[in-house]
Amino acid sequence: MRPSDIRRIAPSLSGLWRNLNLLLNFDARWYAAAYQDVPGHRLSPLMHFVRYGLPERRSPSAWFNTAKFPETTVPRKFSEGHTTARSALAPLDVKAYSINYLRKLHASDDLLVFFNVTTKELSGGMLSIDRFANLALELTQDQPDAAVAVSGVPLDREPVHYSLFEPCLPMTHFAYIVKNTSPTRVRLFVPEVFADAFITMILANATYRHWLKERPRLGIVILNQNISLMPAPQPFVSRVTELTMDVMISTAHPRYCTGRLATEYGLPVKQLTPLLPDMPHRSWVNRKSVFMVSPDVLNDTQSGLTQDLVVERLKAAFPEFEFVVITKMKLQHYLDLASRVRFALTFGEGMDGYFIEPVLSGGVSFAVYNDVFFPPQFKDAPTVATNWPELLDLIEQMVPRLQADPELYDRISCELQDRLARTYSREISKSDLGGLLEGRVDHQPTAKARQPELFENLRIFLEAERGFRFHNGLPGDKQVVVAPDGLIVQHFGSEFYSVLYEIYERRDYDLNLDADTDYVLVDIGANVGMASLYLRNKYRNIREIYAYEPLIPVARVARENIVANVAEAPIHLKQVALSDRFEIATFQYFSDWTTAFSIDSRFLDSWLGSDEGGSRVASRSVEVEIVPADLELAEIVQNLGTRRLAIKCDTQGSEFAIFDALDASGQLSFVDVVVVETHFKRPDAIIETLTRNGFVVQARLDSEENCVYTVKAERPGSLV
Amino acid sequence: MSTLASPKRLILFAGYCAGSDGISPQDVALITELARFGDVHCWYDNTSVPIGSLARLGRAATSVTVQRHGEYDFGSWKYLYLSLGRDFIEGYDELVLTNNSLLIVDSFERLFHFRSERPEEFFSPLLVDEDFAGPTCFIEDYELAFDKFTRSAMYVSAFWNLRRNLVRSSLFRNFICSIQKVQDRIEVSHRYERGFSRSLWRHGISTCTLLPRVYRFVPLYTEDAFMLTQQGLPFIKYKALSQEYYRCQDIVHRYRSLLGTCQPAYRSLIQNAITKHDHMGRSFR
C-alpha cells in the first residue's frame, strides 16, 4: 500500500470515517462483477477500490450506495455549540494526576499542550509525541509558570489510558484545560493527520475558539511526522490563521525540512528530530536467532511482492530462525524483543522504529531505501537496498555471513549506529525542541515569485526575454502559445512552461543529426506535441515522426496542434504508452500536470497529490493501453529504408523498461541519436545499454531532488 | 524633541476631534510616542478644541494648529506642508504622514527601526486591497497574480514615510499641493491614498512595507487587525474596534487578547477606547 492510498482512505478525519464505512461494507465479488475494469486488473478488488473506487465514488457493495452516502459524516458533537461533555468537568481520572501537577497546570501562564491520539493501539507517531511531551517537561521544569499537558485528538473523544506504553503524563481532555486554565501563552502541538479536523472542530466550537482567541500569545505547531499525511496547504492555512498568525510546521525528517515546504504552506518550518528510546546494548552472542518483522503491509507493484511472500521466502532460506511479527505488543516487551533479535526487517517507512530500535541496541536491521524518510547517509548503508527483490537477495547473502562472523555482525551494527547518530540523538532532539520553544525556525516562507523553478516565473521569462506570446483565457478556457519559431500550440499551462524552457532555452532535445541523412523521429511521451513540432521545424531532414502520447485528453490537443502546424513531414500520433509489456490499465493523472503522467506512477502519486501551493487540481482516472516498445518500433523499422532513427523519450519512469526492450530486440542498431530524460533513479542502466550498443553517451543531472537526468547518446564521431 | 540623532524626521500628524472633549488621552499618548522619533507638527481639522485638551499634549508636539478645512487628513498634511514651507520640510531626512485614526498599543520602536534599516524611498506598514479575498500571500505573489493598477491596491495612508529624495521630487510636491476638498472619505481614499500609491509604482519609486504579505480585504478593519499587532504593528485602528466596515465574530475575546499583548502603559487607554468605540454594546470587562 502506498502513502497515497492511505491518504485516499484518510484524507481528513471526517473522510476517514466515511471511507471506513465504505470499506467495512466492501464485497469483493460484487465489486469485481459490477465494474468491468476490475477483473484481470493487477490490483486486488480491495486495493482497486482503495485506489480508484474511492476517488471515483464507486459503491463498495450491492447494499451500499455511495452516491447516497454523505461526502463527510461528522459526528454531531463537532457542530457549533458549547462543550457540555462530562469531560469538560474533570480529567479522565483525577487520581491519575498528582495534586502538584494539577496545581501547576491550573496556575500556568505558559502552557504547552501536546495532542496525542485517543486510541489504545500503539504507533511510532504516538510514542514520538509522548517523548516530546516528556522532553518539554524536562526543558520547562525550572520555569515556575510553565506547564505541559497531553490532550487527545480527535477533540470530541474521551481521553484514553494507554495500556501498551507508560505515557509521561495522563491524557487531559481539552475541555478541562479550557475550563480550568487561563495562561497568557499557549502553544498547541497537533499531529499532521488530525490538523485539519482539529481546526474544524476548534472553529466550530465556541468555547474552544473563544478561549484560544483570548490568549494573548497563541502558537500552533503542526507536527509533520509523515509528509504524506499533511493536510493540503489550502484551505487549511487560511483556516488555522483565523485563530493565530503564529503557526509553524515541525518536521520529523530532515529530508522535508526545506524552504520549499515553508513556501508551499506559507509557514515557517523547524526540524524537530524524534527522540529515540534508551535501549540496552546487546552484542551478537546475547541475541537470539529471531527475525523481527514489522506489521506493515507491503504490496510492491513492481515485483509483486507482499509481506507474506517476503516472509515465506526468508523462512525457507533460514529455517533455523524464528520469525516474529510485531502485533499488539506492550512497548516494553517490544523494546526488549528488539534488543534480543539478531535481525529486523521493516515493511513500513523504512527509517522507522522497527529499523532503528534493533540497531540502537546493537542489532542489524534491513529495509528498502526511500528518499522521503531515510536521511541520505543511508542510501549506501550495508543493509539497505533500492528495491524489494534486491533486498531479499541482500538478506539471503548477508545473514549467513553475519551468523557465522560475530565480529562482522557487531561491526555492521556499529556502522548503522554511526549513520543513525548523524541524524538522531537525544541532544539533537533537545536542541531542536528547545530552539522551537525559543522561537527559532530553520526555514521562513518566501514569496513563490522568488522560486526560480516556479512555472509562472518561467512564463514571464519566456514572454519578456524570449519573445513567446501567451494567449490564455481563450474561448473554452483554451491556452495557446505562439513560439518565436512561429509554432502555434495549445497547451495546459502549469508545467508546460518548464517544457518550453527545456526545449527552447536549455535545448534539451536538440539533436546532432547528420545533415546528409534522412531521419524518422520517435517521440515517446509527446504530451501536446511541442517537442515533435519543434524538432520537425528545426531539422528539415526529419522526414517522418511517430509521436506516442497515452493520455487521451492530451493526445486530443496534440492532434489539434499537429493539424494547426502543417508541414511536409507527417506526424503520426499514437495514443498508447510504450513499455516492455502489454497491459490495459487505469491510472491517475492531474490535468494541470499532464507532463508528469506516468504508467509507472508509484513515485509520482504522493508527490503530485501533495499539491504545489494549494493549487493542485483533483486527480482523474484514465484508461491507458500499454504496448511493448520493441513491437511498436518493429513496424517503423520495417519501413525505414535508408533512413535512420532518432529517439526522444520522456516518460517519467518507463524509459528503463523501454530501452531494455529495444536492447533485447536489437533495434537500437537502427538508431543514430537518442535523447532521454530519466527519472527517479540513476541512469546507469540506460547508459550501460547505450554504450554497449556503440553509442557515445553524455548525461547531465537536472534535478538532484527528483533524480532527473538528461542522457544524450550519439554514434561515435558525431557527438558535439 | 527627537531622542534619536539620526535620521532627522518630520512627522505631520493629521487629527480630528469628533466630540467635545478635544484631544483625547489616546492621541496624546500616540503623539508623545511619535515625538520620540521626530518633530511632530499637528493639524486638527476642527474649528476649535478645548484649551485643556491642548494642555495635555504638553511639549510632546512641536506645534499644534487647529483650523477647520474639511479636506480630511490629506488636507491637514497639505496645510502643514504649505505652512511649514517646502525648504523647511526638505531639510529633514524623512517625512512621516500619520493621523489620529490609530490607537497606540505598543512602542513604535520596532516600526521605526525596521524602516531605518531599509533603503527604499517610500515606506508604509502594509499594502492592502479591499477586493482581495484570497489566501494571505506575499506581496510579490500578489503582484504576479494581479494587475495592481486595476485593483484597489494601496499603501495605507495611516502611516506613510518618505525619504528626502522623494519629498523633494516634483511627484510629491505636485501631489501634496493638488489635494482638494472632495466629496467623501471614499473619494479621499481612491483619489489620494490609492492614487499616490499608483503614482509611486508608475514612477518606479522604491517602496517597502513592514508586513510582507497581502491579507484579505483591509485587515486593519477585520479580525486580522487584532493579530497584526503581534506581527509588529504598534497600533490598531479605532474603526476595527467599532467594526465599522467588517463584522468581527469574536471581538470581545480579541479585546481581551489585545489587553494581554499591549504595553501595560497603554492598557487603560485601550480599555477606555474599547468602551467608547464598541458600538455593538457588548458587555466588555
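I began with a charge over a ring (NZ of Lys or CZ of Arg within 6 Å of the ring centre and within 35 degrees of the ring normal), and found Lys8(B) over the face of Tyr92(B), at 4.7 Å from the ring centre. The model is predicted, with local features needing pLDDT of at least 70 and side-chain atom pairs pLDDT 80 or more, while totals for chains, interfaces and linings use all residues. Residues are numbered from 1 along each chain, chains are lettered from A and ligands numbered from 1 in the order written, and side-chain values use heavy atoms, without hydrogens and water.

Because Phe122(B) lies in strand β6 and Phe196(B) in helix α9 of chain B, the pair ties together parts 74 residues apart in sequence (helices, H or I, of at least four residues and strands, E, of at least two are DSSP runs, numbered from the N terminus).

I then checked burial (under 20% relative accessible area is buried, over 50% exposed, in between partly exposed, with a 1.4 Å probe and protein chains only): Phe122(B) is buried at 0%, and Phe196(B) is also buried at 0%.

Last, I followed α9(B), which bends by about 35 degrees at Gly195(B) (the angle between axes fitted to the seven residues ending there and the seven starting there).
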